[in-house]
Amino acid sequence: MSLETKLIGPLVLEPIFQERIWGERSLEPWFEKRGLEKPVGEAWLTAAECRIAAGSLKGATLGAAAVRFPELLGDEAAGGFPLLIKILFPREKLSVQVHPNDAQALAAGLPNGQGKTECWYVLSAEPGATVAVGFKKEMSLEEIRAAIADESLEEKMYQLPVKAGEMVYVEAGTVHAIGPGVVILETQQYSDVTYRLFDYGRARQLHLDEGLAVTRVTTGAEVFPAVDRGDRVELVRSDYFVVDKFEGDKDLGFEGELQLLIALGEGSSVEWAGGSMMLAKAQAVVLPGEGVGYRVSGVGEVVRVRR
């Protein structure tokens with residue numbers, strides 16, 4: 001490792017807020033944003049365009065930093081930073097949609113040849129809240145196309161009840177939809193390819209042929225059972241990401257791996273050989289995989305994401 005790549009230390013990212021027609025006009029209590037003129041549906045916490053707000057690379061974008069230090073922040077297969085983390089704020093239903101897997105994305109010539117497997121950690125949920133994943137019973141592609149045409153697709157989808165603190169794993173190819181009544185922390189492969197199958201009459205483009213070509217007629221999407229690892233709770237483990245959470249003091253380990261921290265409350269800090277910093281609520285902190293030990297201290301709940 002060159003001198004330039006030593007001791008980058010934690011990097012705090014400034015979120016990017018994305019306008020969406022289905023979004024909210026208040027993002028409290030996660031962000032101090034209310035009375036917004038236009039609805040915001042997503043806060044992108046680890047987008048390539050996110051500016052580094054604090055740390056040794058302050059002022060650079062995450063994407064530029066990943067190009068400069070690919071062995072610490074990048075991923076050769078992903079062609080840059082490997083994971084996109086968002087917070088979703090749906091006031092209305094999102095479209096019924098589907099995403100390709102890696103092989104399908106590569107065959108279609110999509111950016112970086114990456115599909116989109118994702119997971120949803122439920123930050124809050126109103127009583128009776130559900131997300132739609134897959135179908136109540138197996139359907140053929142012809143039956144799905146017919147249900148789109150007669151606008152009965154939604155009623156044929158399986159409505160999965162969810163509550164705060166649960167994790168839903170959604171593998172690529174799963175037809176899915178998120179509706180109002182939840183706030184979700186989404187971790188996904190770094191791809192923003194979405195094929196809309198049904199959009200409740202809104203004047204947005206649909207992608208029926210592309211979407212049905214990548215649709216799984218059966219799916220393993222489910223509430224992923226949390227596993228108590230003693231010092232942390234593992235929320236999901238897949239080929240693309242591992243997500244866990246913890247509270248209180250913890251030595252993070254995995255010194256040679258890229259890690260991401262998102263504090264869900266106030267009062268936590270991260271310490272390393274070069275100093276310490278507080279973890280701001282709902283703001284991503286990148287810990288480069290440079291062999292430095294990190295320790296989180298405090299009382300708040302923290303979510304960690306790693307490859």
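## A buried histidine

In this predicted model, His-207 counts as buried because its relative accessibility is 14%, below the 20% limit that applies to buried residues. His-207 is found in the loop that runs between strand 13 (195-198) and helix 6 (208-214). Apart from its neighbours within four places in sequence, His-207 is in contact with Thr-194, Tyr-195, Arg-196 and Leu-197.

Tyr-195 is included in a separate core of 20 residues, and Thr-194 is among the residues that lie nearest the centre of the largest pocket.

In soluble globular proteins, nonpolar side chains tend to be buried together. The largest nonpolar core here has 47 residues, and those touching the most other members are Phe-31, Leu-45, Leu-73, Ile-87, Val-243, Val-286 and Val-305. Strand 5 (residues 83-88) gives the most to this core, contributing four residues. A second core of 20 residues is separate and includes Ile-144, Ala-177, Tyr-195 and Leu-212.

Val-286 illustrates the packing in the largest core. With residues up to four places away in sequence not counted, Val-286 touches Gly-9, Pro-10, Leu-11, Leu-13, Leu-62, Leu-73, Phe-81, Leu-258, Gln-259 and Leu-260. One of these partners, Leu-73, is also listed with Val-286 among the residues that touch the most other core members.

## Leu-57 and its surroundings

Leu-57 is found in the loop between strand 4 (52-54) and helix 1 (62-68). Its relative accessibility is 10%, and Leu-57 therefore counts as buried. Leaving aside neighbours within four places in sequence, Leu-57 is in contact with Ile-8, Leu-11, Ile-52, Ala-65, Arg-68 and Phe-69. Leu-11 is also touched by Val-286.

Between Leu-57 and Leu-72 there are 13 Å in space, C-alpha to C-alpha, and the two are 15 residues apart in sequence.

## The largest pocket

The largest pocket has a volume of about 330 Å³. Its lining is made up of 21 residues, and Arg-20, Glu-42, Gln-97, Asp-192 and Thr-194 lie nearest the centre. Two or more lining residues come from each of strand 2 (16-24), strand 5, strand 7 (118-125) and strand 11 (176-178). Strand 11 supplies the largest share, three residues.

By class, the lining of the largest pocket has nine charged, six polar and six nonpolar residues.

The lining residues of the second largest pocket divide into eight nonpolar, three polar and four charged.

## Cysteines

The count of disulfides comes to zero. The sulfur of Cys-50 has its closest cysteine sulfur in Cys-119, at 18 Å, which is too far for a bond, because a disulfide requires sulfur atoms within 2.5 Å. For Cys-119, the closest cysteine sulfur is likewise that of Cys-50.

Both cysteines are buried: Cys-50 has a relative accessible area of 0%, and Cys-119 has one of 1%.

How values were computed. Residues numbered from 1 in each chain as written. Predicted model: local features only at pLDDT ≥ 70, side-chain atom pairs only at ≥ 80, totals over all residues. Heavy atoms only, no water. Core = buried A, V, L, I, M, F, W, Y, C linked by side-chain atoms within 4.5 Å. Buried < 20%, exposed > 50% of the residue type's maximum accessible area, 1.4 Å probe, protein only. Contact = heavy atoms within 4.5 Å. 1 Å grid on protein atoms, 1.4 Å probe; cavity = no way out; pocket = protein on both sides within 12 Å on 5 of 7 lines; lining within 4 Å. Points joined across faces, edges and corners; volume = space filled by probe spheres on them. Nonpolar A, V, L, I, M, F, W, Y, C, P; charged D, E, K, R; others polar.
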